[in-house]
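I opened my notebook beside the model. I wanted to look up a few places and write down what I found.

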Amino acid sequence: MTTGLAAAALAAALAVPAQAHGEGRPPHWELKETGTDVRFRGLAAVSRNSAWLAGSAGTVLRTGDGGRTWRDVSPPGAQELQFRDIEAFDARRAVVLAIGEGEASRVYRTDDGGATWSESFRNTDPRAFYDCLTFFDPRHGLAMSDPVDGRFRILSTEDGGRSWEVLPNEGMPPALEGEAGFAASGQCLVSSGPRDVWLATGGAARARVLHSADRGRTWTVADTPVPAGDPARGVFALAFRDRAHGIAVGGDYRADQPSPQAAATTGDAGRTWKPATQPPPAYRSGVAWLPYSRNAALAVGPTGTDLTTDGGRTWRTVDTGSYDTVDCTPDRGCWAAGERGRVARLEN
C-alpha cells in the first residue's frame with residue numbers, strides 16, 4: 001500500500017502531478033495478470049508498452065500492449081532451466097541467461113520476438129556457474145560466472161549474443177574465499193556507456209564491487225559498506241545512471257535476518273562507496289534509476305519498494321508488494337517482477 005506522503009514523493013520524482021492519473025490516483029504499481037505462478041527474476045523493459053520476463057521452469061513471456069496480454073515465448077525444451085536474466089534490444093530481439101552449475105548455464109537468443117530461439121552458449125566447465133549478463137550496445141555484451149580458479153570468469157560477445165568467448169582472467173583481481181555473485185535480479189553485472197561495467201559480490205568477508213573500463217579485460221575492485229560475512233549477505237544489485245554515479249543494494253536474503261546498511265552509493269565510478277544514511281528497511285534485490293532524473297531511483301525486494309530522491313542517500317518505502325527486480329525505460333515506463341508470476345507497471 002502506498003502512503004500519501006510516499007506517493008507525493010514518487011509523483012515529484014516522476015515529474016508528474018500527484019493526481020495526474022485519470023482516476024485521481026497517485027503513481028503506484030499496477031499488477032498485470034501473467035497467467036502463471038513462476039518466479040520472474042529476469043526483466044527487460046523496452047518501453048511503457050513492451051517488456052520481456054524470464055523466470056523459473058524455463059519461462060519467457062513478452063508483452064507489447066503494456067501488460068494487458070502476455071505471450072509465452074519460452075524456448076522449446078527449456079522447462080528444467082532457471083532463467084534469471086534477460087536483455088532485450090527491442091520488441092523482437094532478446095538474449096536470455098539460464099543459471100546453474102555446468103551445462104545448466106546457457107544463453108539463448110531470439111530475433112523474431114521469441115517465435116524461435118538459438119542456443120548460443122552452453123557452459124561445459126563444471127566449476128562455472130553463470131549469474132548475470134549485460135550489454136553495452138546491441139553487439140557488445142558480457143556474462144559473468146562465479147569464480148573459477150580463484151577469479152570471476154567473464155564471457156564476451158561481439159555479435160549481439162550469437163557467439164561467446166571466455167575472456168582471459170589475467171586482469172581480474174583474485175576473489176575472496178566464498179565470494180560469488182547473486183543471480184537474484186539480473187543486476188549483479190551492469191553496464192553504462194560503451195565500455196564501463198560493474199560486478200557485484202557477496203558471500204565473503206566483504207561485499208565488493210568490481211569495475212572494468214575496457215569491456216571486461218581489466219578490473220579494479222572496491223569494498224562496500226554493505227554487510228557480508230555470510231553466503232546469504234552482500235550486494236545483490238547495481239544501477240548506474242552514468243559512468244560515475246551508481247547505487248548498490250542488497251542485504252541478507254533470509255526473511256528472518258535483518259539487513260542493516262543495505263544500500264550504498266558511489267560518485268566516482270565505483271572506486272569508493274558510501275553507506276546510505278537512511279537505507280531501505282530490509283533486503284533489496286533490484287534497483288533502477290528513474291528516467292530523466294539525476295537523484296531518483298527505486299529499489300525492490302520481497303517486502304516492498306523504496307524510493308530515493310537524493311541519489312541513494314536516503315530511502316522511504318512507497319509500496320509493500322513483493323518484487324525481485326525492476327527496470328525503467330526512457331519513455332518513463334517502469335516495470336517490476338517477482339514471485340508467483342507477479343508483474344507490475346508503474347502507473348501515474
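I started with a term: helices (H or I, at least four residues) and strands (E, at least two) are DSSP runs, numbered from the N terminus. The model is predicted, so I noted that local features need pLDDT of at least 70, side-chain atom pairs count only at pLDDT 80 or more, and totals for chains, interfaces and linings use all residues. Residues are numbered from 1 along each chain as its sequence is written, and side-chain values use heavy atoms, with hydrogens and water left out.

**Entry: Thr36**

I looked up where Thr36 sits. I found Thr36 in the loop between β1 (28-31) and β2 (40-45).

Next I checked what Thr36 touches. Contact means heavy atoms within 4.5 Å. Not counting residues up to four places away in sequence, Thr36 touches Leu61, Arg340 and Gly341. I also compared Thr36 with Arg342: they are 306 residues apart in sequence, and 8.7 Å apart in space, C-alpha to C-alpha. The side chain of Thr36 reaches the backbone nitrogen of Val38 at 3.3 Å.

Most residues other than glycine have a negative phi. Arg340, a contact of Thr36, has a positive phi of about 50°. I located Arg340 in the loop between β27 and β28. Arg340 is exposed, because its relative accessible area is 57%.

The other is Ala269, with phi near 65°. Ala269 is in the loop between β20 (263-266) and β21 (274-275). Ala269 is buried, with a relative accessible area of 3%.

**Entry: the open sheet**

I then traced the strands. Two strands pair if DSSP finds at least two bridges between them. In what order do the 4 strands of the open sheet run? I read β1-β28-β27-β26, with antiparallel pairing. β1 and β26 stand at the edges with a single partner strand each, so one side of each is left without a neighbour in the sheet. The twist averages 25° from one strand to the next. For such angles, axes are lines fitted to C-alpha atoms, for helices over the stretch in contact, and angles run from 0 to 180 degrees between N-to-C directions.

I looked at one pair in detail. β26 and β27 pair over 4 bridges, in the antiparallel sense. Cys328 stands opposite Cys334 in β27.

I listed contacts of Leu298, leaving aside neighbours within four places in sequence; among them are Leu10, Trp29, Leu290, Leu307, Val326 and Leu346.

Note on methods. A polar contact is a pair of N or O atoms within 3.5 Å; within protein, one must be able to donate a hydrogen and the other to accept it, and residues adjacent in sequence count only if both atoms are side-chain atoms. Buried means under 20% relative accessible area, exposed over 50%, partly exposed in between (1.4 Å probe, protein chains only).
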